Amino acid sequence: MAAVGLWLIPFSRFAFWASLATVVVVGVWASHCVELALGRKDPGVIVIDEVAGMMVSVALLPRTPGVLLCAFFLFRLFDIWKPFPAREAQALRGGFGVVVDDLIAGVYALVLVMGARMLFGMPR
């Protein structure tokens with residue numbers, strides 16, 4: 001859903017970065033509140049962290065269907081796999097642990113998509 005929203009909303013560069021910052025700040029706060037309310041670490045009902053991670057995965061790229069699709073699948077792969085230091089980031093306290101691992105997964109996806117575009121010209 002975040003990928004579709006990122007494609008449909010005509011963000012300026014400033015608006016995109018301001019939106020990402022807002023999602024991260026609100027996400028950390030809201031995640032902390034939900035964890036306290038439910039008494040569990042990173043409950044599945046929290047999805048704002050996924051939105052933040054997906055935004056990071058396309059932050060420096062054109063938002064074309066091919067880029068969004070590739071970034072989405074890579075982001076989900078890294079979000080599930082949690083390569084270093086994403087897994088370790090989950091141990092951070094409160095909402096930081098919920099959001100930071102997804103931001104790291106987004107960075108991994110961003111780097112791979114940027115690399116693929118530079119080396120192979122794909123995805124477009």
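This is a predicted model: local features need pLDDT of at least 70, side-chain atom pairs count only at pLDDT 80 or more; totals for chains, interfaces and linings use all residues.
Residues are numbered from 1 along each chain as its sequence is written, and side-chain values use heavy atoms, with hydrogens and water left out.

Let's begin with helix α6. Helices here are DSSP runs of H or I with at least four residues, numbered from the N terminus. Helix α6 covers residues 94-120, 27 residues in total, and spans 40 Å from first C-alpha to last, close to the 39 Å expected. That expected span is 1.5 Å times one less than the number of residues.

Now to the core. By a nonpolar core I mean buried Ala, Val, Leu, Ile, Met, Phe, Trp, Tyr and Cys residues joined through side-chain atoms within 4.5 Å. Buried is under 20% relative accessible area, exposed is over 50%, and partly exposed lies in between, with a 1.4 Å probe and protein chains only. The largest such core holds 24 residues, and F16, M54, V58 and V113 have the most contacts inside it. Helices α2 (13-38), α3 (48-57), α4 (65-81) and α6 each contribute at least two residues to this core.

On to charges. I call it a salt bridge when a side-chain nitrogen of Lys or Arg is within 4 Å of a carboxyl oxygen of Asp or Glu. How many salt bridges does that rule give? The count is five.

One of them pairs E35 with K41, at 3.6 Å between the closest N and O atoms. E35 is buried at 9% relative accessibility, and K41 is partly exposed at 45%.

Next, D79 and R76 come to 2.6 Å, closest N to O. Both sit in helix α4, three residues apart, about one turn of the helix. D79 is buried at 7%, whereas R76 is partly exposed at 28%.

Then there is K82 with D101, a salt bridge at 2.7 Å, N to O. This pair links distant parts of the chain, 19 residues apart: K82 is in the loop between α4 and α5 (86-89), and D101 is in helix α6. Buried or exposed? K82 is buried at 12%, and D101 is buried at 1%. Through shared partners, salt bridges join E50, R76, D79, K82 and D101 into one network.
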